[in-house]
Amino acid sequence: NGLVFTGAALVARFGLRLRDRLAVGFAAFLVGWVYIVVGLEVLGLFHQIRLGPALGLAVCGFLLGTVCWLCGRKRVGCVERTENLDVGALHAPYESNGGIGPLVVRISWWLAVTLAAWASTDMLITGLCSPVQPVSDAPIYHLYFAVRWWQSGTLEIVPTPFGESAAPYFPANGDVWFTWLVLPWSSEIVVKVGQWPFLILGMVAVYALARELNVQPAIATFPAALWGTGSLPLVNSSFADVDLIMAAWCLIAVWFLVRYRREARASDLVCSALAMGAVLGTKYIAIPFLFWLVVAAAVLIWRNAARWRHFVILAAGVLLPSAYWYGRNLLLTGNPLYPLHVQVLGQTILTGWYTRETMLTSHYHIPVFPLGHGLRVLVQILFRLCDPILLPLWIGGGVAAIVVAVRRRWLPAALVGLAGLHVFCYWFVNPYQTQERFLLTATGLLAVPVVLVLERWKFFCLPLASLIAWHLVVDQFDLRVST
């Protein structure tokens with residue numbers, strides 16, 4: 001991992017020529033992760049998913065980064081001297097506003113950061129020291145696939161007669177990541193918490209989005225703590241599922257797309273597209289969620305003078321981390337979305353045995369009609385997801401986003417709108433409405449506008465931190481969903 005991600009950091013800094021620390025950090029983790037996934041896909045074609053070839057893959061990644069450093073250091077240095085680069089001046093949303101600020105903000109900041117660090121560390125230790133939890137998909141196929149691929153040396157189709165029979169055909173970037181974690185240890189000990197780094201990555205992504213609203217760094221920490229200490233992100237961080245992976249990459253894709261809108265840099269588009277592709281190669285359910293993000297990217301690209309080159313970048317970036325799974329299904333079955341059966345206006349487009357009727361009879365499905373009953377259940381799910389204790393914070397952020405939209409500050413309202421579209425797809429397009437883990441991205445987006453309230457009334461920082469503490473130590477209200 002050290003070799004891969006060090007090489008990826010050099011690629012991000014000197015290959016993509018990203019300059020500020022957050023962008024380099026996100027790009028390093030993203031490029032390194034995609035390199036691991038694609039690298040193991042290639043090794044799997046030759047039945048070489050073994051420790052030795054994997055170490056060679058890591059060395060090649062480091063050497064690639066070294067080449068980027070050798071070729072790009074003079075050019076990057078020249079550009080920085082020519083432009084008299086000052087990250088604070090170049091990147092308007094990162095202007096300093098005088099440090100942490102008043103005493104109440106300082107105390108609240110320390111409390112929120114301490115709570116987030118304690119909660120996330122507790123889940124890491126719990127995941128490492130506990131057996132695999134049967135309440136997740138990990139023992140059904142995520143961990144099983146990782147171990148089987150490690151044993152066979154290839155990304156074979158693994159039958160699952162004991163569980164989800166469609167799982168062998170699902171996109172499985174997350175499971176390839178778990179396979180990578182198995183290799184050096186020949187054990188599942190680290191794989192059990194393979195999602196935990198994405199809890200931290202997701203919190204930093206929420207922080208980065210909040211900084212785009214031109215708020216103090218300390219203030220931007222609070223929405224990150226609000227999201228990261230939520231019950232669902234915390235619990236998922238100790239499972240070998242892939243929903244937290246999907247959410248983190250979605251949030252990072254949004255952040256790089258926001259940067260692309262502001263600066264129209266191809267490097268930001270590359271990273272946003274790679275993050276979208278990482279999501280698309282992780283779960284089928286990402287398709288309706290990513291649709292809106294791809295549309296937004298296409299609109300922004302169309303306004304760019306180099307639109308055709310940027311469209312190619314978008315397509316290549318999305319396909320690189322995801323094409324393997326859809327291409328494999330296409331070659332094996334003739335249906336890239338197999339086993340999904342796809343019809344449009346009554347006409348069969350793609351043939352599979354996972355029909356709409358099959359999914360609607362699942363015990364994971366909640367009927368959305370009659371509409372009144374369906375919306376009542378949705379509200380219950382959202383309440384439980386956000387925790388009623390913290391509900392005033394979420395509502396306050398949403399209202400603040402609408403208020404500033406009237407003043408032509410587009411980003412907060414856009415984030416809330418994107419979260420709303422995510423919820424819409426979750427309820428009306430996704431057939432498994434009981435799986436609220438699919439809403440992790442939406443809650444991350446909705447957490448960001450909370451900074452607008454805190455920036456305007458800083459004394460609310462202490463109640464927010466106190467509510468987070470209460471949320472972590474007090475049982476939630478009983479909000480069982482009646483279906």
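**Cavity lining and buried charges**

The lining of the largest cavity comprises nine nonpolar, five polar and two charged residues. The model is a predicted one, in which local features require pLDDT of at least 70 and side-chain atom pairs pLDDT 80 or more, whereas totals for chains, interfaces and linings use all residues. Residues are numbered from 1 along each chain as its sequence is written, and side-chain values rest on heavy atoms, without hydrogens and water.

A cavity is a set of points on a 1 Å grid over the protein atoms alone where a 1.4 Å probe fits but cannot get out, and its lining residues have an atom within 4 Å of a point. The largest cavity holds about 110 Å³ of space. Its lining numbers 16 residues, of which G230, S231, L385, C386 and W394 are the closest to the centre.

Ten salt bridges (a side-chain nitrogen of Lys or Arg within 4 Å of a carboxyl oxygen of Asp or Glu) were found in the whole structure. In one of them, D137 pairs with R437, with the closest N and O atoms 3.4 Å apart. D137 lies in the loop between α5 (103-129) and α6 (138-152) and R437 in the loop between α19 (410-428) and α20, so the pair ties together parts 300 residues apart in sequence. Both D137 and R437 are buried, that is, under 20% relative accessible area. A salt-bridge network links D137, D243, K283 and R437.

R328, by contrast, is buried without a salt bridge, and the nearest side chain of opposite charge, E41, is 8.9 Å away. The R328 side chain instead reaches the backbone oxygen of P168 at 3.0 Å.

How values were computed
On a 1 Å grid over the protein atoms alone, a cavity is a set of points where a 1.4 Å probe fits but cannot get out, and a pocket is an open set with protein on both sides within 12 Å along at least five of seven lines; lining residues have an atom within 4 Å of a point. Grid points are joined across faces, edges and corners, and a volume is the space filled by probe spheres set on the points. Ala, Val, Leu, Ile, Met, Phe, Trp, Tyr, Cys and Pro count as nonpolar, Asp, Glu, Lys and Arg as charged, and the others, Gly among them, as polar. Buried means under 20% relative accessible area, exposed over 50%, partly exposed in between (1.4 Å probe, protein chains only). Lys and Arg count as positive and Asp and Glu as negative; His and the chain ends are not counted. A polar contact is a pair of N or O atoms within 3.5 Å; within protein, one must be able to donate a hydrogen and the other to accept it, and residues adjacent in sequence count only if both atoms are side-chain atoms. Helices (H or I, at least four residues) and strands (E, at least two) are DSSP runs, numbered from the N terminus.
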